[in-house]
Number of protein chains: 2
Amino acid sequence: MKYNENFEKLPKSYVFSQMAQKIADKKKRGGERIINLGIGDLKLPLFECSVNQMKIACEEMRIEKTFKGYPPAEGYEFLRQKISNEYIDNFISVAPDEVFITDGAKGQLGNILELFGQKSRVLFLTPCYPAGAEANILYGNEVTFLSGSQENGFFPSPPYGEKYDVIYICSPNNPTGSCMTYEKLGEWVNYALFSGSVIVYDNAYSVFVSGDFPKSVYSVKNANKCAIEINSFSKSFGFTGIRCGFTVIPKSVGEYNRLQKRWLGCRCNGVSYISQRGAEAVFSRIGREEVKRRVNFYKTNAEILKIALKNLKLWYNNTVHSPYVFAKTPHGVSSTEFCEYLLEKTSLAVTDGAGFLTGGEGYFRLSAFLPREDILETADRLERIDLGEIATQNR
Amino acid sequence: MKYNENFEKLPKSYVFSQMAQKIADKKKRGGERIINLGIGDLKLPLFECSVNQMKIACEEMRIEKTFKGYPPAEGYEFLRQKISNEYIDNFISVAPDEVFITDGAKGQLGNILELFGQKSRVLFLTPCYPAGAEANILYGNEVTFLSGSQENGFFPSPPYGEKYDVIYICSPNNPTGSCMTYEKLGEWVNYALFSGSVIVYDNAYSVFVSGDFPKSVYSVKNANKCAIEINSFSKSFGFTGIRCGFTVIPKSVGEYNRLQKRWLGCRCNGVSYISQRGAEAVFSRIGREEVKRRVNFYKTNAEILKIALKNLKLWYNNTVHSPYVFAKTPHGVSSTEFCEYLLEKTSLAVTDGAGFLTGGEGYFRLSAFLPREDILETADRLERIDLGEIATQNR
């Protein structure tokens, strides 16, 4: 029997699967209730407006006259049009036929590489969410990591003189929370144009961007000639359990828009009509207000976590563009060790920075996607930690 | 910019996209209302029991206490357990952790090949639904077609002496409607075991199997050592617009069950909770009765179509295991030509057999997934055809 040998190049289990295992083990050992600040999943429910529209969509499926069969593989026009309008409202020109509805960003980070073909040279700006890199490794691509660091705000500068086919950038970044400035993003766009690369821009956290920072890769000049933007409804609209996202492939980025349509023909039958109606609802006035409320809620959560870290004198990345807080372990303790310590001593589950590829070692990520009482309880437990104890253990 | 060169090996557009274009063109030219017997999409609505459960699932998403975030990547236990039970009721042992919930069979026919890796030698028994073959071509695999014919009931015998890594079999077959006998399937299973191949068994039409024919590849001895079974809720349960299916990977088929779990870790975030609740409902008593009713309805449709073809003295594959009727063009006319003739003269859209890879040329496929009045109208229009005219044109 033949196997994809590239599986052997992956870590034995996916970072979030590993975490789930550790949490399960800890649960067995008993102790305080575990608060899971690890995975970026949601606890707060779906928006009312989405639930209402989805129930109507279910009803439409009940009778022959309004029943919907196969969705258009590229997504329903009603949703692609709404997304196009959203870009236009932000002074970015994206046509409905440049928008592809997907079942979420995670799958899309890997599916997209079938457009580029095998043996692509792919650059990842790290630390970052590992799914895209693992998908590339499985596909047999030549994957290179370029790490950001505290010094450069976790976004490195382009490696002038080197050439890659594809460059993955995630901003606002998961896990660091850093958001590219127009200037930095402009550097990368120019580098991509100059070297003939395509940027795959993971924009899953775009609604968290505050102030004068790019909310889309296309807000930088000429990005529509070299960038594909992958987005999600998951984090912004409470959609983790619904599976709906979108990808923008401008017709001005080589042949990829045409190839994506051909790819859909044989590889995909589209996304549930009901999910798409739920997604459409978030573009209503009520939906937009709910997004704002939710984003503010998560950001306040993040601020509460930061205060606790500050009191503990732990370094954290002080950005305002993200539902995550990225912090440094004390006394140079390894991140795996510190995360295990936290879980054992405080029953707080946080994500090991080392799971986010190069540049993540020595850091850990806290998710703010939790009800307020869990965040307050987390802050309490964090402040109980005796960092001296860790220093002693680590001597 | 780098492109996947394998796109050039595919037909310029996918067979069903081509058809949609021809139908749109014909519409512009006017004439009788077009009846689309081309694509295997449904017109009859979703089952009541599924709609009801899905609405309840939507309501659960509304409040924090019952809200569901990321689904388990392999599917919810409640659904995997139901599917496992269904196999066990048919005396086939499939454990819940051998069942993977997917967003449908089409994507899965291609996704699965990431387990085998690149440069796999893949055999397709043709004619067959082309998505799996196109996915393999895009992935750069070495694809071989082995055609069935009228003489062997559209299922060829194994090519003893040759060796393939993967063998795709679709039974009941789309488009021919033929169903493998236990004996023929046993030959293929033994061949696969002997040559170390894996069978990918496309079982999307399993509910249409009548009488003493295999309803699953695993009803043949030792298939659980060499076969992966891909199934769908689409055709059986009215799910084309919902996107839910499942794949069975027994733990006894090499390492594939473990690899699939690892694949899910980085490539997929699972299937909508709401879709899975809708799928679960079809395993209820009411759901099962509805399946029976629906299957009988479509089979009667197929019989009506056959009578019309018989009156027209056209050869058709006289099987009872399928919602499709596979018929031969008259006077050796090419299938593309005959399908265009039908669309032009009778406003009936049927699928060109040549779109189903080798062995399909000279045949056309009629779908019975239509309301009764459309099927009766189709029969009427078919009987109006003057085959003599075609013979003259073709001289």
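## Salt bridges: the ground rule

A salt bridge here is a side-chain nitrogen of Lys or Arg within 4 Å of a carboxyl oxygen of Asp or Glu. With that rule, there are 52 salt bridges over all chains. Side chains of opposite charge can pair when their charged atoms come close.

A quick note on the model: it is predicted, local features need pLDDT of at least 70, side-chain atom pairs count only at pLDDT 80 or more, and totals for chains, interfaces and linings use all residues. Residues are numbered from 1 along each chain as its sequence is written, chains are lettered from A and ligands numbered from 1 in the order in which they are written, and side-chain values use heavy atoms, leaving out hydrogens and water.

## Pairs within a helix

Start with A:Glu290, which bridges to A:Arg293 with the closest N and O atoms 2.5 Å apart. Both residues sit in helix α10 (residues 285–311) of chain A, three residues apart, or about one turn of the helix. Helices here are DSSP runs (H or I, at least four residues), strands are runs of E (at least two), and numbering goes from the N terminus. A:Glu290 counts as buried, at 17% relative accessibility. The cut-offs: buried is under 20% relative accessible area, exposed is over 50%, and partly exposed is in between (1.4 Å probe, protein chains only).

Helix α12 (residues 372–384) of chain A holds another such pair, A:Arg381 and A:Glu377, four residues apart. Their side chains meet at 2.9 Å, N to O. A:Arg381 is buried at 2%, whereas A:Glu377 is partly exposed at 27%. The two also belong to a salt-bridge network with A:Glu32 and A:Arg384.

In chain B, the side chains of B:Asp97 and B:Lys251 form a salt bridge (2.7 Å, N to O). This one links distant parts of the chain, 154 residues apart: B:Asp97 is in the loop between α3 (77–89) and β2 (99–102), and B:Lys251 is in the loop between β8 (245–248) and α8. Both ends are partly exposed, B:Asp97 at 30% and B:Lys251 at 43%.

B:Asp374 lies in helix α12 (residues 372–384) of chain B and is buried at 11%. Beyond its neighbours within four places in sequence, B:Asp374 is in contact (heavy atoms within 4.5 Å) with B:Arg33 and B:Ile35.

## Nonpolar cores

In soluble globular proteins, nonpolar side chains tend to be buried together. A nonpolar core is a set of buried Ala, Val, Leu, Ile, Met, Phe, Trp, Tyr and Cys residues joined through side-chain atoms within 4.5 Å. The largest one has 124 residues, and A:Ile167, A:Phe233, B:Ile167 and B:Phe233 have the most contacts inside it. Apart from it lies another core of 78 residues, including A:Ile137 and B:Val166.

Sequence neighbours within four places aside, the contacts of A:Ile167 include A:Leu123, A:Trp188, A:Tyr191 and A:Val198.

## The second largest pocket

This pocket holds about 1300 Å³ of space. Of its 45 lining residues, the closest to the centre are A:Phe16, A:Ala20, A:Ile39, A:Asp41 and B:Tyr70. Elements from both chains give two or more residues to the lining, among them α4 (105–111) of chain A and α8 (256–267) of chain B. The top contributor is α1(A), with seven residues.

For the method, a pocket is an open set of points on a 1 Å grid over the protein atoms alone, where a 1.4 Å probe fits, with protein on both sides within 12 Å along at least five of seven lines; lining residues have an atom within 4 Å of a point. Volume is the space filled by probe spheres set on the points, which are joined across faces, edges and corners.
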